[in-house]
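Hello,

Here is the structure I promised to pass on to you. My notes on it follow below, and I would be glad to hear what you make of them.

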Amino acid sequence: MAKVKKGVRLEHISKIYNDPKTGKEFYAVKDTSLVIEPGSFVTLLGPSGCGKTTTLRMIAGFESPDEGEIYLGDEPINELTPNKRDTAMVFQSYALLPHYNVFDNVAYGLKLRKVPKDEIKERVMKILDLVELTGMEGRMTNQLSGGQQQRVALARALVIEPSVLLFDEPLSNLDAKLRVTMRTEIRRIQQEVGITAIYVTHDQSEAMALSDNIIIMSKGVVAQMGTPQEIYYHPVNEFVADFIGEANFLKGPMTGRDGSFVTLNIEGNPLKVEGRDDMEKGKEYTVVLRPEAATLADAGGLPCKVVLSCFMGSYQNYHVMVGDTLVKLEEHNPKNKHIYQVGDTCCLVFDPASVHVL
Amino acid sequence: MARGQSAALDRKKLMADPIMVTTIVVLITFLTLFILYPLAILLVDSFVGDGKFGLSIFKRIFAMPSFTRAITNTLKVGFLVGILSALIGLLFAYVEVYVRMNKFVGGLFKVVSMLPVVSPPFVLSLSMIMLFGKAGIITRFLLHIYDNNVYGFWGIVVVQTLTFFPVCYMMLKGLLKNIDPSLEEAARDMGAGRWKVFADVTLPLMLPGLGNAFLVTFIESIADFANPMLIGGSYDTLATTIYLQITGAYDKAGAAAMAVVLLCITLAMFAVQKYYLEAKTAATLTGKASRGRMLIEDKSVKIPLTIFCSLAAAFVIMMYICVPIGALFPTWGYKFFPLTGKWFNQVFTRYHGFKAFKDSFVLSFISAPITALLSMIISYLVVKRKFKSKGFIEAVSMLAMAVPGTVLGVGYIRGFSGGIFHTGFLQGIYGTGLILVIVFVVRSLPTGTRSGISALRQIDKSIEESAYDMGADSFKVFMTVTLPLIKDSFLSGLVTAFVRSITAISAIILLVTPSYLLITVQINEFAEKGAYSLACAFATILIIITYSAVLLMNLFIKHFGTSKTMKED
């Protein structure tokens, strides 16, 4: 596509709503600033009510921000109505026009733009080919499966060649297997077209699989923005660590330092981990330990007691108590390993460089 | 927190859509000018009609014994008709939903629910007089009673009950169907008999709904003009008293004050119905029936209920059939054979039948599409868009539902005969066909809006948003998405508006000038004069027109309706 790619910039955006029950005002989105690079795939991830959909709808123009300005490229777009914005949205419910067939649904935006008939036909067929729906153009939308309807919705958004593609939880109405297939499709198509995409979801694996960058939102503010790796390995707080994947939190005061490594006192045991320069002796710190990063052994590491041992196929799931702290573990490829049983006492072992101190 | 920016932005976005802004401005002007203003002028007139502000006019009308009697009369009739209609409606609804019926009885029920929709409002008064009056077939020829008096309180009550109970029946049927059968099965399972289940489970669940049906009928009864006019005799209700105050006593200020009193009563009822009972009904009966109900097959219940309802239904149907037959008898009450077409003939040769039908038809034909389109636009704005004056538009179009036709008629006389605020501005429309069209539109708007709103609520908001997002402006969204999706509702709104307009009388009779002959007014006139055969002939042709319109609509929806393709979802 010949178009210049555009990014999206949010500057100090806030949106205030009334709580329907109490009637009180609250910030659905509060003082949020974001830069979304041209051509990148960015996911807004968070639990329901975190403000991600509101943010997306403000970018689309359905909602107006109470503070701040939204830019598409370098152009401020606050005052533009959705039909004048160079964005196209893929809706959660697909929102296909039920009285049109597949072709007319995809052609709708082009007809509104008064594109010549021949060109409409050519562009629609090209896009239907891209989303692998060739031959379906005469079908009514209710004769399509959920996945096919989603492809039509995607084709309809792509065909008008918007600067930015917006996705509002587009896969949440599909079954689990189809979700996985469709998300690879979406990523493939986005890469092929090279379009800027903003994707809202509450499904962290979807976010991981799709995104160049993930923005984690909580209670109306951005908790962290970064690549999937940054967010997974270096979460900024417990909320982010817990929301992306499973996380165990080990808490204790710092007792000493040895170069880049520090020693913390965890439930009465010394634990050596890779630390930061700004850490101070005596202060309490939290260590994030991913379930797959640790293993159980007869000696070394932190002493613990097994309270749950459960075979899950690809891994053995353990819950162990380190003092009063519950730690969840995933021992992968358990076939030829020693399996600890409930009540066994053993040790929790991990590489000091594979944990992250908050 | 400051929400000024989003409000300002929303306003700017709205302003960027000139068609939308124009539509809203036009709508607000229309509603203000033709609903709010006539009501406001009534208030003004009744407080300052004699030059100075005060209650003197009210004092004067309340000193009239005829007026205070009319108030008690109206309330008495409304109360009794409300109760009877709700109870008979409940019985019919219960039998239809709970008792296994054969096809014939089911057919009877369907006809009964359909008749009041397609017939002019006062047909039953006509047939009541023809069947039970002094020269009535049943009273005089079968029972040999020569001095039966159908006029007065009982005449109105019977006729209004028979006219309005089908509405209650349809309302309550919908509610009964929404009761989850497992609730009643649970009670049965715990040992309650069928009567106990009805008294302890079904009835309490239905109470708000029954109250609702009662109030809706009460309002209809109070607002009814044609039936009390025909069969009331010397028993005057508010609507007829107001009419006589204008046409007989030429006391426009007094009529205005009386109209204000009538309006206050209906508004109060309407407020209770809308804000209290409707919410309660929705709250108790939200559940959808999870599966089919075990129908009552027990003969000791089934046979008496079916027989009673069939007889009642047959009676109602006979009353309606009486009208076309009455138009065929050579002399009603004396000579029945041979059947003759002379009355129909006279309608067209001597009584300007063609002009009457042309005028009625053309005026209704013009106002129906306007009404249908306006109500769809209002529903679209109310359900799908947000803007500041939305509440105003919704409230005023609903308010029109509570305004009796007679009140509106008086308001138009006071409001437009001397121009807006008696300044002469817009005086030109008074006495023309235009004002009749406007009255038709205003009278049918609330029903259309109501059905439009419920149709639109079922359409996922994001479908329109997606079209908007694709680049369509509001007008395009409405034309290419909204309207096609509620085609059925639009069509039925069109036909309902047409039928309501062509059968309307209460407001129109006050505003029509000799240059327009309307069928309903003609029927009323001939019936008043005692020329029942002619009235019947007019009414028969009117029923044929409305019935064909409804048939045509059903045919059209069946073949081109959206519901067929949408239902497969």
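**What I found**

In the contact between the two chains, chain B takes part with 32 residues and chain A with 28 residues (two residues are in contact if their C-beta atoms, placed from the backbone, lie within 7 Å). Helices H1 (4-15), H20 (461-469), H21 (474-485) and H26 (563-567) of chain B each supply at least two residues of the side that touches chain A. H20(B) gives the most to that side, with 7 residues. Helices here are DSSP runs (H or I, at least four residues), numbered from the N terminus.

Before you read on: this is a predicted model, in which local features need pLDDT of at least 70 and side-chain atom pairs count only at pLDDT 80 or more, while totals for chains, interfaces and linings use all residues. Residues are numbered from 1 along each chain as its sequence is written, and chains are lettered from A and ligands numbered from 1 in the order in which they are written.

In chain A, have a look at helix H3 (residues 117-130). Its buried residues are Ile120(A), Val124(A), Ile127(A) and Leu128(A). They cover an arc of only 100° around the axis, so they sit on the same side of H3(A); the arc is that of the directions from the helix axis to the C-beta atoms. On the other side of H3(A), Asp118(A), Glu119(A), Glu122(A) and Asp129(A) are exposed. By buried I mean 20 or more other C-beta atoms within 10 Å of the residue's own, and by exposed 12 or fewer, with C-beta atoms placed from the backbone. The cover over the buried residues of H3(A) includes helices H2 (102-112) and H4 (146-159) of chain A. After H3(A) comes Glu132(A), whose phi is positive, near 60°.

**A buried alanine in chain B**

Ala239(B) belongs to helix H12 (residues 238-247) of chain B. Why does Ala239(B) count as buried? Because 29 other C-beta atoms lie within 10 Å. Leaving out residues up to four places away in sequence, Ala239(B) touches Ala223(B), Asp224(B), Phe225(B), Pro228(B), Pro404(B), Thr406(B) and Ser506(B). Ala239(B) and Ala70(B) are 169 residues apart in sequence, yet 8.7 Å apart in space, C-alpha to C-alpha.

Best wishes

Definitions and conventions:
Expected span 1.5 Å × (residues − 1).
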